[in-house]
Amino acid sequence: MILTLKDFQEKCVDFLIDATASGKEKIIVESPTGSGKTIILLAYIEKYLYMIDDAVFVWLTPGKGELEEQSLKKMEKYCPSLRVG
């Protein structure tokens, strides 16, 4: 990841990795607007794919607006090595 995460973001990524490894089926991350939830998710995906390289993520963004485009632009900017389609 090109971006350096803040301490609370790193802790959240580690929490997500641990929760995934322990088999949790549902994980919810709540955080205020502008706190970097998209960046946390990108860092998690990048770290997970480093450990499990044949995994695939499907990113759904329900609702109105252009959230999917914003997310794609952040992914391309901060995680250019991730393949998207």
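This is a predicted model: local features need pLDDT of at least 70, side-chain atom pairs count only at pLDDT 80 or more; totals for chains, interfaces and linings use all residues.
How many helices and how many strands make up the secondary structure of the chain? The answer is 3 helices and 0 strands, where helices (H or I, at least four residues) and strands (E, at least two) are DSSP runs, numbered from the N terminus.

Residues are numbered from 1 along each chain as its sequence is written, and side-chain values use heavy atoms, with hydrogens and water left out.

Let's start with the whole chain. Along its principal axes, the C-alpha trace spans about 35 × 30 × 25 Å. The accessible surface comes to about 6,600 Å², and 54% of this belongs to carbon and sulfur atoms; such areas come from the Shrake-Rupley method with a 1.4 Å probe, and for residues only the protein chains shown count as cover. Of the 85 residues, 28% count as buried, meaning under 20% relative accessible area, while exposed means over 50% and partly exposed lies in between (1.4 Å probe, protein chains only). Contacts (heavy atoms within 4.5 Å) tell us about the fold too: among those with a separation of 6 or more, 61% are between residues 24 or more positions apart.

Now find helix α2, where Thr38 lies. Thr38 counts as buried because its relative accessibility is 19%. Leaving aside residues up to four places away in sequence, Thr38 touches Trp59, Ser71 and Lys74.

Further along, look for the aromatic rings. The structure holds 3 aromatic pairs. Rings of Phe, Tyr and Trp (its six-membered ring) pair if their centres lie within 6.5 Å; planes under 30 degrees apart count as stacked, over 60 as edge-to-face and the rest as tilted. Tyr44 and Tyr48 have ring centres 5.9 Å apart and planes at 40 degrees, so this pair is tilted. Both lie in helix α2, 4 residues apart, about one turn of the helix. Tyr44 also forms an edge-to-face pair with Phe57, at 6.0 Å centre to centre and 85 degrees between the planes. That pair links distant parts of the chain, with Tyr44 in helix α2 and Phe57 in the loop between α2 and α3, 13 residues apart. Tyr44 is buried because its relative accessibility is 10%, whereas Phe57, at 34%, counts as partly exposed. Together, ring pairs link Tyr44, Tyr48 and Phe57 into a cluster.

Which residues make a nonpolar surface patch of about 370 Å²? They are Tyr50, Met51 and Ile52. Met51 lies in helix α2 and is partly exposed at 46% relative accessibility. Ile52 is found in the loop between α2 (37-51) and α3 (67-78), and at 36% Ile52 also counts as partly exposed. Finally, Met51 and Ile17 are 34 residues apart in sequence and 10.0 Å apart in space, C-alpha to C-alpha.

Definitions and conventions
Patches are made of residues with over 30% relative accessible area and no salt bridge: like charges are joined within 9 Å, nonpolar side chains (Val, Leu, Ile, Met, Phe, Trp, Tyr) within 5 Å. A salt bridge is a side-chain nitrogen of Lys or Arg within 4 Å of a carboxyl oxygen of Asp or Glu.
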